[in-house]
Amino acid sequence: MTAEHLDGNALAGPLGEIFAVDVTSATGRCAHCGLTGPVASLLVYGPDPGLVGRCPGCEEVVLRVVRGPGAAWLDLRGTVSLRVNLPD
Amino acid sequence: MGIISRGFQGRRRDAGDRLPPGQYLVDDFPVLSAGPTPRVPLDRWEFAVDTEAGQTHRWSWAEFLALPQETPTVDIHCVTKWTKLDTTWQGVSLDVLLEDVETAADYALIYSYGGYTTNLPLEDLLDGQAWIAHRFDGEELEPRHGGPARLIVPHLYFWKSAKWVRGIRLLNEDYPGFWETAGYNNYGDPWREQRYEGD
Ligand SMILES: [Zn+2]
């Protein structure tokens, strides 16, 4: 069932509304198994009722984004850290 | 017996009266998922009710099928705005499953194979309002629609009708579930259009 989920780049639009940097290229660490990789490598389910990004290693939830009218909710409980490359 | 195909009780209201605010009708059955579809072998399937006192009641697949069955016909309303009328299910009423369970809890947290959870007041599961269903439209419930068995609680938005249901935890305090902790309404009444937090 490989077609069940979307590509991690499906997160670019909704996260681009929240963050000034492109978070899909940031490096995240899964809170469940410790796997590290770009946000774009997550297995993404949705887009409705919300985008659910799962770890390609353990399939646990790494991040969730819900876009409602006038607000977005971002849940990063499954993420230990996000490394974002920035200029000095 | 209280619940006999409520869609056929009395005169059918016309479709317009059965459409909650902001919803539109569909004929197909859209699939929404927050993760991979769990495959649960029936010989390892079980359904459990865990009480606030720490007691657990369990049913194997065979024990579950041996319980009195009902065949509700209900309208279902997804928070993504589709409504499907007259869906037909077969399953066991929560009134039956909770009959011998001693509890004073006010809240229920539904949990599923695959890790999904959703919460609702215990009273919303009782009095002919909810079923654990294992057949849809005369057929075994397909995995993509929540088979082997899913909760059906049609008077709330359909995210409360957890697919791949595994059990119910009875709680003294409310414990928000998967979508309820990510912006969706804690209760989800389609007739009051309670889609998001704060609606
Ligand atoms: Zn992981």
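## From Val21(A) to the zinc site

A: Val21(A) is partly exposed, with a relative accessible area of 31%. That class applies because the value falls between the limits of 20% for buried and 50% for exposed residues. The model described here is a predicted one.

Val21(A) sits in the loop that connects helix H1 (12-18) with E1 of chain A. On the surface, Val21(A) belongs to a nonpolar patch together with Ile18(A), Phe19(A), Leu74(A), Leu76(A), Val84(A) and Leu86(A).

What pairs with E1(A)? One partner is E2(A), which runs antiparallel to E1(A) and is joined to it by three bridges. Within this pairing, Arg29(A) has Thr36(A) as its bridge partner. The two strands form a hairpin with five residues between them, and Gly34(A) in the turn has a positive phi of about 85°. Another partner is strand E7 (residues 79-83) of chain A, again antiparallel and over three bridges. Here Cys30(A) stands opposite Thr79(A) of E7(A).

The zinc ion takes its protein donors from Cys30(A), Cys33(A), Cys55(A) and Cys58(A), in each case through the SG atom, at 2.3 to 2.4 Å. The angles among the four donor atoms range from 105 to 114°, and the site is tetrahedral. That description applies because four donors count as tetrahedral when all angles lie between 85 and 135 degrees. Along the chain, the donors are spaced as C-x2-C-x21-C-x2-C. Cys33(A) is found in the loop between strand E1 (27-30) and strand E2 (36-38), and Cys55(A) in the loop between strand E4 (51-54) and strand E5 (61-68) of chain A, so this pair ties together parts that lie 22 residues apart in sequence. The two cysteines fall into separate accessibility classes: Cys33(A) is partly exposed at 41%, while Cys55(A) is buried at 2%.

How many salt bridges are found over all chains? The search of the whole structure gives eleven. One of them joins Asp75(B) to Arg18(B), with the closest N and O atoms 2.7 Å apart. Asp75(B) lies in strand E4 (residues 73-77) of chain B and Arg18(B) in the segment before strand E1 (24-25) of that chain, so the pair links parts that are 57 residues apart in sequence. Asp75(B) is buried at 16% relative accessibility, and Arg18(B) is buried at 7%.

A salt bridge also connects Arg144(B) with Glu142(B), where the closest N and O atoms are 2.9 Å apart. Arg144(B) is partly exposed at 41%, and Glu142(B) is partly exposed at 39%. In the salt bridge between Arg192(B) and Asp189(B), the closest N and O atoms are 3.0 Å apart. Arg192(B) is exposed at 54% relative accessibility, whereas Asp189(B) is buried at 14%. Back in chain A, salt bridges with shared partners join Arg64(A), Asp75(A) and Arg77(A) into one network.

Key: Residues are numbered from 1 along each chain as its sequence is written. Chains are lettered from A and ligands numbered from 1 in the order in which they are written. This is a predicted model: local features need pLDDT of at least 70, side-chain atom pairs count only at pLDDT 80 or more; totals for chains, interfaces and linings use all residues. Side-chain values use heavy atoms; hydrogens and water are left out. Donors are N, O and S atoms within 2.8 Å of the metal (3.2 Å for Na, K and Ca); water is not among the atoms, so sites may look incomplete. Four donors count as tetrahedral if all angles lie between 85 and 135 degrees; four count as square planar and six as octahedral if opposite donors are over 155 degrees apart and all others between 65 and 115; anything else is irregular. Helices (H or I, at least four residues) and strands (E, at least two) are DSSP runs, numbered from the N terminus. Buried means under 20% relative accessible area, exposed over 50%, partly exposed in between (1.4 Å probe, protein chains only). A salt bridge is a side-chain nitrogen of Lys or Arg within 4 Å of a carboxyl oxygen of Asp or Glu. Patches are made of residues with over 30% relative accessible area and no salt bridge: like charges are joined within 9 Å, nonpolar side chains (Val, Leu, Ile, Met, Phe, Trp, Tyr) within 5 Å. Accessible areas come from the Shrake-Rupley method with a 1.4 Å probe; for residues, only the protein chains shown count as cover. Two strands pair if DSSP finds at least two bridges between them.
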